[in-house]
Amino acid sequence: MKPIQLHDFSGGIHPNENKIQSTTLEILDAKIPEKLILPIAQHIGAPSKPIVNPGDIVLKGQLIAQGEDFVSCNLHAPTSGVIGDITQKSVPHQSNMAALCIEIITDGKDKWVKHQGVENYLQADASQLIEKIQQAGITGLGGAGFPTHVKASIPASKIDTLIINAAECEPYITADDLLMREHAHEIIQGIEILCQILKPKQCIIGIENNKPQAIETLQNSISSLANNSHHIQVASIPTKYPSGGEKQLIQILTGNEVPNGGLPADIGIVLQNVGTAYAIYQAIAKGEPLISRITTVTGDACDQPRNFRVLLGTQVKDLLTQANTNLKKTSRLIMGGPMMGVTLQDAEVPVVKTTNCIIAASKHELPNPAMEQACIRCGMCTQACPAQLLPQQLYWFAKSSNLDQAKAHNIGDCIECGACSYVCPSNIPLVQYYRFAKGEIKQAHADKIKSDGAKKRFDTRTARLEREIAEKEAKRKARAEAAAKKQADKKAELAKNPAPSEPAPQVDIEALQKKLDATKMAIEKSKAKLAEAQATNSAKVELLQGALEKAQAKMKDIALTISQAKKDAKSPAGTNTEKSSVKVEATDVIEGLKQKVLAAKTRMEKAQERLNMAKEQNLDTVDALQLGVNKQKEKLDAAQKNLEEAAQ
Amino acid sequence: MNIILIAIGALVVLALVFGAILGFAAIRFKVEGNPIVDQLDALLPQTQCGQCSYPGCRPYAEAIAQGDEKINKCPPGGESTINAIADLLGVDPEPLDAEHGEEKDVKLLAVIREDECIGCTKCIQACPVDAILGAAKQMHTVIAKECTGCDLCVEPCPVDCIDMVPVEQTMQTWHWEKPSQIIATDKVKAA
């Protein structure tokens, strides 16, 4: 196999390593504490959703919170016990804010839930392996905590290099070192599984040359493989902080740089932490979800600094006790490394999936940061920056909140490694300025998205309101037009058939019909009379005959007129409306009369009232008022009469 | 004499040619609308709160673009918006006009006390961004994600069941503060 051509990245620093202290002792299983505190958000992405309730009994490895999204992660019970409360508790986070945590009161039995690994996992299907990894709730164990199944789901065709990050460049931390020394075989198996999923052309384990023992055991494990078909090889790289940064390690091992704003996958590379590879092995080969991790407990205040296999959720104070820590001597508690770690406010917080180290530092070891001095523009930060940025410029921009310029100077590419602050002779907390500026930019971006959304909603709403008004206006216009047309039609109709002829046909038909009937009757009678006369041979026969003929002629005449009238009545369209309008007029008249009656009534009542009052007070006006009342009564009667007539 | 005529002729020809080019360009590359309005509108916070006395952010942007309106009438945007507009227009930034309200430090969110809501739909009609959901005689609720905190819905509510509450900070929205500005020499002076 070709040896790997190493490259260098610009900048970087060489802080005191302080790794020896915690590597003298082997990994120890930490005791099961009385209670475990498990934050539901230990990873990047959506927090998981608790699926247990207080009082539930859980077994070791049982799922207690489900990943809600693809970029989210499952959470399992690290040991058997009873679920305590599910409340907000303090968690290791820079904000010192509380987050939702599931508490487990342990029972000490450590009883496993039924679990099973994948048989023949090196021949298994990639999708099956990814699913198993997702179920096991594995996140990157290096620091950021990105869900592993998401990275593993990158299409294999895009990937040609898998890099295993075993650099562990931050001072003090030795968790990966010890893991490699003691579990090299499992790690290599985990890497084989990753290769099975991602099918890379080569796989490089990048490891700093300050871990010779780990390098040796890994190499032995690789050479003991029956068939290194995935070309796994170990690359020993020079010790320099921050060679373990994702982009820096890629640059060292391949010479390529991850593009601005891009991901390693864009240049065909996937990075996984060595601890993650171990967790993958545990999940696939044994079916054990991620419930524990290796954590270094170190610092001057620890009498027995070493690495522990810790159940997730173990409180920091429990771990410190097991490492014989002198809490009085501890001036600062740090989770993670001294360069990028989080200072803990108290020791109550739990160990989470990304906790690789806890440093109980004495005052002498990590003194409080010295007073900030003015920037003297020495440029040492620029020389130290591993991302080839201009830290000094970024500092000025961040300090004056000039976010546009900070963005233009690629503040987004800052990995917050702290190398610039480390070398700064003026003790300026540069990284804090960058974090502030990055946060502001992120917030401004979120605000922009929100304000764009608000603008869109406002525009849509305005358009909708305008449309509604236009629609109403159109309807009103249509109605007005229809009414106008009706009026015009009516007028035209009136002009065509003069008004009096209009109601005539109706009356005519009825009258004529009556006449016709009467004539028919008369003819009938005449016929009877004629028959009688004929029977009696009377002289009247001739006379009657003449009369009958006359009557028949008359009838014919009338019938003709009727049919004519009927035809006329049918043909004009206006006739019907005419009729209804007549009706409407009639009702209008009735309505008017009714009003009049009512008015008359009220008037009369009032008059009556006045009369009564006058009567009571024995006034002289009684007679006059009586007259008035009578008159009103007459008027009312008249009105009522009118109304009745009209109604008929 | 001849030379003068040639010179005049050449100038006339040049004038005609360039005139034609300019005339063509004026038609071909004509910019529809006033682009400055869009730029101003993009700087405004789009709360559509109407505190500037215009019905929405765009009308205010149009008024500023016409030059007859001051740039300091937007309390939700505050100082940063005023500065940005001043930058864009090349005028001096002015302090926020207190007549139109004060800049609030915290973002607000309208929350309806739902058991008190009578379902009158008045707040729905008032909301400039359609962020309230409900129907007549049905309980209403605010879509928190879309609420701009303009508080236009508070006034019309006949039963006063809408509260403006500060948006709570979560771990996702939290970010680092700027380090305190005191440097060593300042501290010596202060002491």
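How many of the 27 residues of α1(B) are buried? The number is zero, so α1(B) lies largely in the open; buried means 20 or more other C-beta atoms (placed from the backbone) within 10 Å of a residue's own.

Before the views, a note on the model. This is a predicted model, in which local features need pLDDT of at least 70, side-chain atom pairs count only at pLDDT 80 or more, and totals for chains, interfaces and linings use all residues. Residues are numbered from 1 along each chain as its sequence is written, with chains lettered from A and ligands numbered from 1 in the order in which they are written.

**View 1. Meet helix α1 of chain B, residues 2-28.** Helices (H or I, at least four residues) and strands (E, at least two) are DSSP runs, numbered from the N terminus. From first C-alpha to last, α1(B) reaches 39 Å, close to the 39 Å expected at 1.5 Å a residue; that expected span is 1.5 Å times one less than the number of residues.

**View 2. An open sheet in chain A has four strands with parallel pairing.** Their order is β11-β10-β9-β12, and pairing takes at least two DSSP bridges between strands. At the edges, β11 (232-237) and β12 (269-273) of chain A each pair on one side only.

**View 3. Look at β9 (residues 161-165) beside β12 in chain A.** These two strands pair in the parallel sense over five bridges. Here T161(A) stands opposite I269(A) of β12(A).

Methods. A residue is buried if 20 or more other C-beta atoms lie within 10 Å of its own, exposed if 12 or fewer, and partly exposed in between; C-beta atoms are placed from the backbone.
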